Amino acid sequence: MGDSSASYIHMVHHLIEKCLIFHMTKQECIEALSKHANIQPVVTSTVWNELEKENKEFFEEYAQNKNKDEIMSEEETSQIIQNMILQEPSSKDSDH
């Protein structure tokens, strides 16, 4: 199981980075991934916390720069997450 859980964590990590690009808060990211990517909130939260530990300066700056006026609509969030998932390399890509 080790390998599949490692690649799962890697995927969650990748999706969180996309959330950061779109200036989502931790809570927005957790909710978006839960709703649109079917990722357990505890998993997103844990991976986010690990990233925060590894990149303290980035997250401090990120929190300061987060403009509350930039809250995204549900539809925008959905679209972004759907696009992220579609771009994820997956076993579905194999040509049969």
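Select Thr-44, which sits in helix α3; helices here are DSSP runs of H or I with at least four residues, numbered from the N terminus. Thr-44 is buried, with a relative accessible area of 0%; buried means under 20% relative accessible area, exposed over 50% and partly exposed in between, with a 1.4 Å probe and protein chains only. The model is predicted, so local features need pLDDT of at least 70 and side-chain atom pairs count only at pLDDT 80 or more, while totals for chains, interfaces and linings use all residues. Residues are numbered from 1 along each chain as its sequence is written, and side-chain values use heavy atoms, with hydrogens and water left out.

Now show what surrounds Thr-44. Apart from neighbours within four places in sequence, Thr-44 is in contact with Val-12, Ile-16, Cys-29, Ile-30, Leu-33 and Ile-39; contact means heavy atoms within 4.5 Å.

Next, select the whole of helix α3, residues 41-54. Its 14 residues should span 20 Å at 1.5 Å a residue, and its end C-alpha atoms are 20 Å apart, which agrees; the expected span is 1.5 Å times one less than the number of residues. Which residues of α3 are buried? They are Val-43, Thr-44, Val-47, Trp-48 and Leu-51. Looking down the axis of α3, you will find these buried residues within an arc of 125°, so they line one face of the helix; the arc is that of the directions from the helix axis to the C-beta atoms. On the other side of α3, Val-42 and Lys-53 are exposed.

Move to Ile-39. Leaving aside neighbours within four places in sequence, Ile-39 is in contact with Tyr-8, Met-11, Val-12, Leu-15, Leu-33, Ser-34 and Thr-44. In the largest nonpolar core, which has 20 residues, Ile-39 is one of those that touch the most other members, along with Ile-16, Cys-19, Leu-33 and Ile-81. A nonpolar core is a set of buried Ala, Val, Leu, Ile, Met, Phe, Trp, Tyr and Cys residues joined through side-chain atoms within 4.5 Å. The elements giving two or more residues to this core are α1 (2-21), α2 (26-37), α3, α4 and α5. Of these, α1 gives the most, with five residues. In soluble globular proteins, nonpolar side chains tend to be buried together.

Select α2 next. Cys-29, Ile-30, Ala-32, Leu-33, His-36 and Ala-37 are buried in α2. Asn-38 follows α2 and has a positive phi, near 60°.

Now display the aromatic rings. How many aromatic pairs are found in the whole structure? A search finds four; rings of Phe, Tyr and Trp (its six-membered ring) pair if their centres lie within 6.5 Å, and planes under 30 degrees apart count as stacked, over 60 as edge-to-face and the rest as tilted. The ring centres of Phe-58 and Phe-59 are 5.3 Å apart with planes at 90°, so this pair is edge-to-face. For Phe-59 and Tyr-62, the centres are 6.5 Å apart and the planes at 70°, so that pair is edge-to-face. Phe-59 and Tyr-62 both lie in helix α4 (residues 56-65), three residues apart, about one turn of the helix. Phe-58 is partly exposed at 42% relative accessibility, Phe-59 is buried at 7%, and Tyr-62 is buried at 11%. Ring pairs link Trp-48, Phe-58, Phe-59 and Tyr-62 into a cluster.

Finally, colour the chain by pLDDT, the predictor's confidence in each residue, from 0 to 100. The chain has a mean pLDDT of 82, and 79% of its residues reach 70 or more. Over residues 91-96 the pLDDT is below 50, and beyond near neighbours in sequence this stretch has one contact in the model. Where pLDDT is low, the predicted coordinates should not be read in detail.
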